[in-house]
Amino acid sequence: MNRISSLFGIQYPIIQAGMVWCSGWKLASAVSNAGGLGLIGSGSMHPEVLREHIRKCKAATDKPFGVNIPLMYPQIDEIMNIIADEGVKIVFTSAGNPKTWTSWLKERGIIVAHVVSSAKFAAKCEAAGVDAIVAEGFEAGGHNGREETTTLCLIPSVRKATTLPLIAAGGIATGEAIFAVSVLGAEGAQIGTRFALTTESSASDAFKEYCLKLDEGDTKLHLKKLAPTRLVKNAFRDAVEEAENRGASAEELREILGKGRAKKGIFEGEIDEGELEIGQIASLFSKIETVDEVMHELVDTYQIAVAKSYLW
Ligand SMILES: Cc1cc2nc3c(=O)[nH]c(=O)nc-3n(C[C@H](O)[C@H](O)[C@H](O)COP(=O)(O)O)c2cc1C
């Protein structure tokens, strides 16, 4: 037991990241049932769809689970009311100011973790009264920090900036990596990419198979003029890269991006024209696994890494 596992009431301080088009009730409940903390990703759900996922998750597990809420969500008030109505006990907020919703959530007895990509924002989380911080490095899939700070540099600097319980994210997909970030001062690990590619993830098989064939260097950070996002190589990314190289404006990039592109790519499996999001660490894996297989392997390899460290 450490501060993260006791805060959330879980067996292992392993958090399955909230991920658009990947983390519905099936993935979240499977991770919670396996002893980690599953998060439903509300970022790609209409409010009533989120309600349905929360109810299905409650029916599928009696273990703690939570909901990830990107704070730039357009119907944020409705989402927050559903969280309170449905008795959700854990919320991970991201992509916004932790001051806006933390007290509202805490007044309702909800545990709040907030995602940051810099030590400066970690200090803001402390002032806002969050219960835990997720520090997400440049390797991560999805939206990313403008500063491009890698997990190896970010975790010690956030550790220095705050005494709050700290969860590391970005490039963590093995027990060895969980051990490595614990040495740097993290008390838990949030894992996105590896869980996005499991059987229980709601992403399309075409997306999973494509990501499992990636090499090093096949994902890159783009769209800094809008919201910095790690994109997988494909025709859509080529168009973004070409536009960025000739200095395209934010307006033009917004037009190229259009609407619903992440759904197309991740959920519907349109590999060429969709927006494909995955982390650098995808290149380490080549087959779809179940959540149970991943969780067992994470725990086993973590324990081996800890045992080996005593040999030095
Ligand atoms: C497909 C995908 C979708 C994501 N969507 C979200 C999201 O909706 N909200 C969020 O806070 N982070 C999102 N992320 C980031 C993850 O929550 C997590 O912090 C990140 O994946 C961790 O790094 P890793 O991918 O190297 O494991 C997403 C990541 C991926 C791969």
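## Trp-104 and its surroundings

Trp-104 is part of helix α5, residues 102–107. Helices here are DSSP runs of H or I with at least four residues, strands are runs of E with at least two, and both are numbered from the N terminus. Leaving aside residues up to four places away in sequence, Trp-104 touches Met-80, Asn-81 and Ala-84, where contact means heavy atoms within 4.5 Å. Between the C-alpha atoms of Trp-104 and Glu-147 the separation is 30 Å, and the two residues are 43 apart along the chain.

## Basis of the model

The model is predicted: local features need pLDDT of at least 70 and side-chain atom pairs count only at pLDDT 80 or more, while totals for chains, interfaces and linings use all residues. Residues are numbered from 1 along each chain as its sequence is written, and side-chain values use heavy atoms, with hydrogens and water left out.

## The sheet

An open sheet is formed by eight strands in the order β1-β9-β8-β6-β5-β4-β3-β2, with parallel pairing; two strands pair if DSSP finds at least two bridges between them. β1 (14–16) and β2 (38–41) are the edge strands, and each has a single partner, so one side of each lacks a neighbour in the sheet. On average, neighbouring strands are turned by 25° against each other, direction ignored. Axes are lines fitted to C-alpha atoms, for helices over the stretch in contact, and angles run from 0 to 180 degrees between N-to-C directions.

β2 and β3 (residues 65–70) run parallel and are joined by four bridges. Leu-39 has Gly-66 in β3 as its bridge partner.

## Helices on the sheet

Helix α4 (residues 76–85) packs on the sheet and touches β3 and β4 (90–94); its direction makes about 170° with that of β3. Helix α6 (residues 119–128) lies across β5 (111–116) and β6 (132–136), at about 160° to β5.

## The ligand site

The ligand is surrounded by 20 residues, and the closest are Asn-68, Ser-94, Glu-136, Gly-171 and Thr-193; a residue counts if one of its heavy atoms lies within 4 Å. By class, this shell has eight nonpolar, 10 polar and two charged residues. Nonpolar covers Ala, Val, Leu, Ile, Met, Phe, Trp, Tyr, Cys and Pro; charged covers Asp, Glu, Lys and Arg; the others, Gly among them, are polar.

A polar side-chain atom of Asn-68 is 2.8 Å from a ligand nitrogen atom. The protein covers 95% of the 600 Å² of accessible area that the ligand has on its own, by the Shrake-Rupley method with a 1.4 Å probe.

Notes
Polar contact = N/O pair within 3.5 Å; in protein donor to acceptor, adjacent residues only side chain to side chain.
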